[in-house]
Amino acid sequence: MTSNAREHSRTLLVASRNAKKLSELQRMLDAAGIVGVTLVSLADVAEYPETPETGETFEQNALVKARDGVAATGYACVADDSGLEVAALHGMPGVLSARWSGTHGADDANTALVLAQLQDVPEGRREAAFVSACALVLPDGSEHVVRGTWRGALARSARGSGGFGYDPIFIPVIGDNSPYGELAPYTAAEMSPEEKDAVSHRGRALRQLLPIIAQWVGQEWVEQDN
Ligand SMILES: O=P(O)(O)OP(=O)(O)OP(=O)(O)OC[C@H]1O[C@@H](n2cnc3c(O)ncnc32)[C@H](O)[C@@H]1O
Ligand SMILES: [Mg+2]
């Protein structure tokens, strides 16, 4: 970055305790050639009270997290609320995904519980989708909320060590992301970060925010091909 670019760089707080989410947004900005943004995490700012994530929708939770961030720091703020919706569980764990087994962020226990709950559900009825709502709140008070969905089905056992959360049991649909699409021969945890960004729920959500972020930093936006 040139000193000129750094002078004009704007700070964007990523209001998340999940370091993987911050790296995803950084990769996305880099891939889109947006250079005028410096991402900071919750670890970089003074601690502030965070509203519990008890909303009924991903959108409500994401917006509350982003508003809290702006109110506490004065920085622009982006937040994600995401989760896994399992058809055979009537859309659960949904907004409860992070604490499905009773312990927040216990990925292995959450994954094991979903697998156990799906034990008797046959192939063909194991559809699931990852959903991400991302909220961007700018210091002028303007608010943008977007959603991305990634369809797939649940595996019978965990496979792969990449990603986080439910990735080892999520088999993505390849191709058009329709519920009837062909299933991949791999789980999300067996994809490279870049492969996952290109198709994931959060990738699809964050890409909708990129033109707004580019405009906010005064950078010309060139439509991406993906
Ligand atoms: O709230 P913050 O601090 O951002 O971090 P978090 O991990 O608690 O995130 P959420 O409240 O949005 O909960 C989302 C949960 O859904 C799951 N999840 C979300 N995105 C995922 C992904 O890309 N791959 C696998 N699991 C994911 C995972 O279990 C997360 O803990
Ligand atoms: Mg959370």
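This is a predicted model: local features need pLDDT of at least 70, side-chain atom pairs count only at pLDDT 80 or more; totals for chains, interfaces and linings use all residues.

In which loop is His 90 found? The residue belongs to the loop between β3 and α4.

**Overall architecture**

- The protein chain contains six helices and seven strands.
- Read from the N terminus, its elements follow the order α-β-α-β-α-β-α-β-β-β-β-α-α.
- The radius of gyration is 18 Å, which agrees with the value near 17 Å that a compact globule of 226 residues would have.
- Along the principal axes, the C-alpha atoms occupy a box of roughly 60 × 40 × 25 Å.
- Buried residues make up 37% of the 226 residues in the protein chain.
- When contacts between residues at least 6 apart in sequence are considered, 66% of them join residues at least 24 apart.

**The sheet**

- The seven strands form an open sheet in the order β2-β1-β3-β4-β5-β6-β7, and its pairing is mixed.
- Strands β2 (37–41) and β7 are the edges of this sheet, since each pairs on one side only.
- At the β2 end, strand β1 (residues 10–14) runs parallel to β2, and five bridges join the two.
- Leu 13 has Val 40 in β2 standing opposite.
- Strand β5 (residues 143–154) pairs with β6 in the antiparallel sense, over three bridges.
- Leu 154 faces Phe 170 of β6 across this pairing.
- β6 and β7 also run antiparallel, joined by two bridges.
- Ile 174 has Glu 182 in β7 as its bridge partner.
- Of the five residues in β6, four are buried, and the strand is thus mostly covered.

**Asp 81, an annotated position**

- Asp 81 is located in strand β3.
- Is Asp 81 buried or exposed? Asp 81 counts as buried because 25 C-beta neighbours lie inside 10 Å, and the cut-off for burial is 20 or more.
- Beyond its neighbours within four places in sequence, Asp 81 makes contact with Glu 53, Phe 58, Asn 61, Ala 62, Lys 65 and Ala 133.

**Backbone features in the loops**

- The peptide bond between Met 92 and Pro 93 is cis, and its omega is near 0°.
- Pro 93 is situated in the loop between β3 and α4 (107–117).
- The loop between β3 and α4 also holds His 90, a residue whose phi is positive, about 55°, although it is not a glycine.
- His 90 is exposed, because 8 other C-beta atoms lie within 10 Å and the cut-off for exposure is 12 or fewer.
- Which other residue has a positive phi of about 65° although it is not a glycine? This is Asn 177, which lies in the loop between β6 (170–174) and β7 (182–183).
- Asn 177 counts as partly exposed, because it has 17 C-beta neighbours inside 10 Å, a number between the cut-offs for exposed and buried residues.

Definitions and conventions:
Residues are numbered from 1 along each chain as its sequence is written. Chains are lettered from A and ligands numbered from 1 in the order in which they are written. The radius of gyration is taken over C-alpha atoms; the globule rule is 2.2 Å times the number of residues to the power 0.38. Two residues are in contact if their C-beta atoms, placed from the backbone, lie within 7 Å. Two strands pair if DSSP finds at least two bridges between them.
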